[in-house]
Amino acid sequence: MTHKRSVTSVLCASALMLGLSACSDNKAPAAGEKAAGTSTDAATSGTLDKIKKSGTIVLGYRDSSIPFSYIADNPNQPVGYAHDLQLQVVDAVKKKLNMPDLKIRYNLVTSQNRIPLVSNGTVDLECGSTTNNKERQQQVDFSVGFFEVGSRLLTAKNSGVKDFTDLKGKKLVTTAGTTSERYIRQHQQELGIGEIISAKDHAESFLMLQNGRAAAFMMDDILLAGEKSKAADPNKWEIVGTAPIHEIYGCMLRKGDTGFKQVVDDAIKATYSSGEINKMYEKWFQQPIPPKNINLNFKMSDQLKALIATPHDRDQ
Amino acid sequence: MNYSWNWSVLWQSTGVGDSTYLQWVLVGLGWLLVIALVAWSIAMVLGSILGIMRTLPNKTARAIGTGYVTIFRNIPLLIQLFIWFYVVPNFLPSVIRDWWINDLGANTTALISASVGLGLFTAARVCEQVRTGIEALPVGQVNAGYAMGFSTAQLYRYVILPQSFRTILPPLSSELTNCVKNTSVASLVGVAEIISQMKTISEYTQNTIEIYTIVTVIFIVINVCLISAMTLLEKRLYVPGLIAGGK
């Protein structure tokens, strides 16, 4: 192979890639227009039209976001707090479109592909453990928030770490690509943290903590409770510290689809005003949950109570 | 697709210190090169020794070579790395274990585990290629060498290896590019190489398609450069009559 040819092949490869992304960029709006053309009801939107036409709603779910959306016993049936809310939305869509036999199709999403899959039309509604933030609002719309988390520390009971100020000279592990990682790197010097380790996922982070490679594991409190409950000896670990940052979880839907967003928001708000949300919360956070019948024992935070009293779709 | 494109994502501030995402990508690239270089050096040295061992008359040497290849080539790289980083330290004497885990720091030990782990894995593959190169030579050359009064060491040094290494240059080039691509498994143990930086930037900015494309192009450029260099080497070392060099 000559040098010239190798340069050409690079150019070809990159041109191909750009071409592919450009293609998908063009195709999707065309399909959307078509759907809009067949619409009879002016108030319905792209997603509602798509659902009506196909007779199917595609729900995005997670496989291990305990207790929000995860696979417990049946590999084809996600369960969880966010999944229950998702089903409330499906009921509302059935009523709105007058389609009692609307079919549900489940589509597994990961933290890497959830946003592309919602924005390219594969998934109609994703409810899992997705934080509503400004960067994501550029790509998708969020429903009203349904959970509020704070970033705290998981540590061994005898480690002497009681809050973020106790981390001086110590090693801390957090999961790569999370808001916690970003926050703690910004404040590393100020808190005098010895070393920050960014692990691949939550299980990996907890493994670093159990292995003694880090003194504490910083993450969303509810996720820490989930990891703790999975440990061989859950009583060895405790969640400590005052959360320096809070985040709100919401369901994701396609950007600018006001008609569908209205249906989603109304369905979620209805569970708030009827008080049904409290039953759902108790079921998933304060009672034994499948598959191992572990009780997370996670009290409803004041922030979440405030969110339920006055629902909103902002990031703070 | 309802996607807001932002190709200038690399010049945005990360919000950590005053770094930009470009600096993160470059840091990731740096670690990629460090891991690839260390791993490839280990792989070439160890792989050549093992490959030669597998062709020696000595039965023990052959058994060691075969055993190594069986273990290191048949266990997935990801699992090997997991074992080196999470399992092996637990069986070290406590003094060494404390030094390894507490004094060295997790990022250093992760980097060492990843480089050495990848090197040992690639060595098994290089070993097989070296063996193939040696076995591809006509057996008459070996006999002729012995007839001339060469010792086994001299035979390998002056007759076998100069020819077999030239023969295996093309498959070694692909092994080299594989080694570069396999550095991405280092993200498993927490090394901030380019794939883990890519995932982090994608999470922070949500410009997933842009950043994945940029990193893809970086990988293509690195590997095309390496292949070009190897092709040049093939041409320089080309022996007329022995496997077509670089054509």
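Which residues does A:Leu172 touch, not counting residues up to four places away in sequence? Here are some notes to read beside the model.

1. **A:Leu172.** The residues that A:Leu172 touches are A:Leu167, A:Ile184, A:Ile193, A:Ile196, A:Ala214, A:Ala215, A:Ala216 and A:Met218, leaving out residues up to four places away in sequence. Two residues are in contact here if their C-beta atoms, placed from the backbone, lie within 7 Å.

2. **What you are looking at.** This is a predicted model, in which local features need pLDDT of at least 70 and side-chain atom pairs count only at pLDDT 80 or more, while totals for chains, interfaces and linings use all residues. Residues are numbered from 1 along each chain as its sequence is written, and chains are lettered from A and ligands numbered from 1 in the order in which they are written.

3. **The nonpolar core.** A:Leu172 also belongs to the largest nonpolar core, which has 121 residues; A:Leu172, A:Ala214, A:Ala216, A:Phe217, A:Val264, B:Ala114 and B:Ala123 touch the most other members. This core takes at least three residues from each of domain 1 (44-146 + 250-309) and domain 2 (150-246) of chain A. A nonpolar core is a set of buried Ala, Val, Leu, Ile, Met, Phe, Trp, Tyr and Cys residues joined through C-beta atoms within 7 Å. A residue is buried if 20 or more other C-beta atoms lie within 10 Å of its own, exposed if 12 or fewer, and partly exposed in between, with C-beta atoms placed from the backbone.

4. **Domains of chain A.** Chain A is divided into domain 1 (44-146 + 250-309) and domain 2 (150-246), with bounds that come from an automatic or database domain assignment. Taken over C-alpha atoms, the centres of domain 1 and domain 2 of chain A are 28 Å apart. Six residues from domain 1 of chain A and six residues from domain 2 of chain A make the contact.

5. **A helix pair in chain A.** Helix H3 (residues 81-97) and helix H10 (residues 258-274) of chain A have axes that come within 9 Å and cross at roughly 120°. H3(A) and H10(A) are therefore oblique to each other; angles under 35 degrees count as roughly parallel, over 145 as roughly antiparallel, 65 to 115 as roughly perpendicular and the rest as oblique. The axes are lines fitted to C-alpha atoms, for helices over the stretch in contact, and angles run from 0 to 180 degrees between N-to-C directions. On the H3(A) side, A:Leu85, A:Gln88, A:Val89, A:Ala92, A:Val93 and A:Lys96 meet residues of H10(A), among them A:Val264 and A:Ala267. Helices (H or I, at least four residues) and strands (E, at least two) are DSSP runs, numbered from the N terminus.

6. **Helix H2 of chain A.** Seven of the nine residues of helix H2 (residues 46-54) of chain A are buried, so H2(A) is largely enclosed by the rest of the structure. The buried residues include A:Asp49, A:Lys50 and A:Lys52. Just after H2(A), A:Gly55 takes a positive phi of about 70°.

7. **Backbone points to check.** A cis peptide bond joins A:Ile66 and A:Pro67, with omega about -5°; A:Pro67 is in the loop between strand S2 (64-65) and strand S3 (69-71) of chain A. Another cis peptide bond joins A:Pro290 and A:Pro291, with omega about 0°. A:Pro291 lies in the loop between strand S15 (288-289) and strand S16 (294-295) of chain A, and A:Asn293 is placed in the loop between S15 and S16 too. A:Asn293 is not a glycine, yet has a positive phi of about 55°; A:Asn293 is exposed, with 8 other C-beta atoms within 10 Å.

8. Chain B has ten helices and zero strands, and its C-alpha trace spans about 70 × 50 × 30 Å along its principal axes. Buried residues make up 36% of its 247 residues. In the contact between the chains, 34 residues of chain B meet 40 residues of chain A. Helix H5 (106-135), helix H9 (194-205) and helix H10 (208-236) of chain B are the elements that give two or more residues to that side of chain B. H10(B) provides the largest share, eleven residues.

9. **B:Pro89.** B:Pro89 sits in the loop between helix H3 (77-87) and helix H4 (94-103) of chain B. With 17 C-beta neighbours inside 10 Å, B:Pro89 counts as partly exposed. Leaving aside neighbours within four places in sequence, B:Pro89 is in contact with B:Arg97, B:Trp100 and B:Ile101.
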